[in-house]
Amino acid sequence: MITSEISYSQLDSGMHVTLTALAKLVEDATTKCLMTKNLSGEELNNIYPAIIVVLRNHIYFHKRIHLGDIIQAKVDVIKKSSVAFILRTNLFRISEYDPSVTSYIQLSSIDMQTRRLRNLDDFK
């Protein structure tokens, strides 16, 4: 779980957190999750000649995030099919249980030699 505090530089003129700042929070959390589970592109390329590609990303806003909010990110890996999986990232205010933002990123692995999708069962 990553923790970060919303700073002034992450706000727009209306004092709302920018999409760029939210995307960075999601990216940091999902990248750390992929590295922890040995699913980062560099790791896969070294072991399996494969790379992870993002198929689509959906972000759902449940609540606004404000200046000074302490945000925690929780990432879950959800297997969707034999060739794709989803990372669900929830951003929470530190003292709340309901997420403020939820991101769903669907990823697949492509074999670097054949340029075809690799079956997820190929990976540990």
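Author: Let us begin with exposure: buried means under 20% relative accessible area, exposed means over 50%, and partly exposed lies in between, using a 1.4 Å probe and protein chains only. This is a predicted model, where local features need pLDDT of at least 70, side-chain atom pairs count only at pLDDT 80 or more, and totals for chains, interfaces and linings use all residues. Residues are numbered from 1 along each chain as its sequence is written, and side-chain values use heavy atoms, with hydrogens and water left out.

Reader: Is Tyr60 buried, exposed or partly exposed?

Author: Tyr60 has a relative accessible area of 42%, so the residue is partly exposed. Tyr104, at 29%, counts as partly exposed too.

Reader: And how many aromatic pairs are there?

Author: The search of the whole structure gives one. The ring centres of Tyr60 and Tyr104 are 5.9 Å apart with planes at 75°, so the pair is edge-to-face. For such rings of Phe, Tyr and Trp (its six-membered ring), centres must lie within 6.5 Å, and planes under 30 degrees apart are stacked, over 60 edge-to-face, the rest tilted.

Reader: Where do the two sit in the chain?

Author: Tyr60 is in strand E2 (residues 50-61) and Tyr104 in strand E5 (residues 101-111), 44 residues apart; strands (E, at least two residues) and helices (H or I, at least four) are DSSP runs numbered from the N terminus.

Reader: Changing topic, how many bridges join E2 and E5?

Author: Their antiparallel pairing runs over 11 bridges, where DSSP must find at least two for strands to pair.
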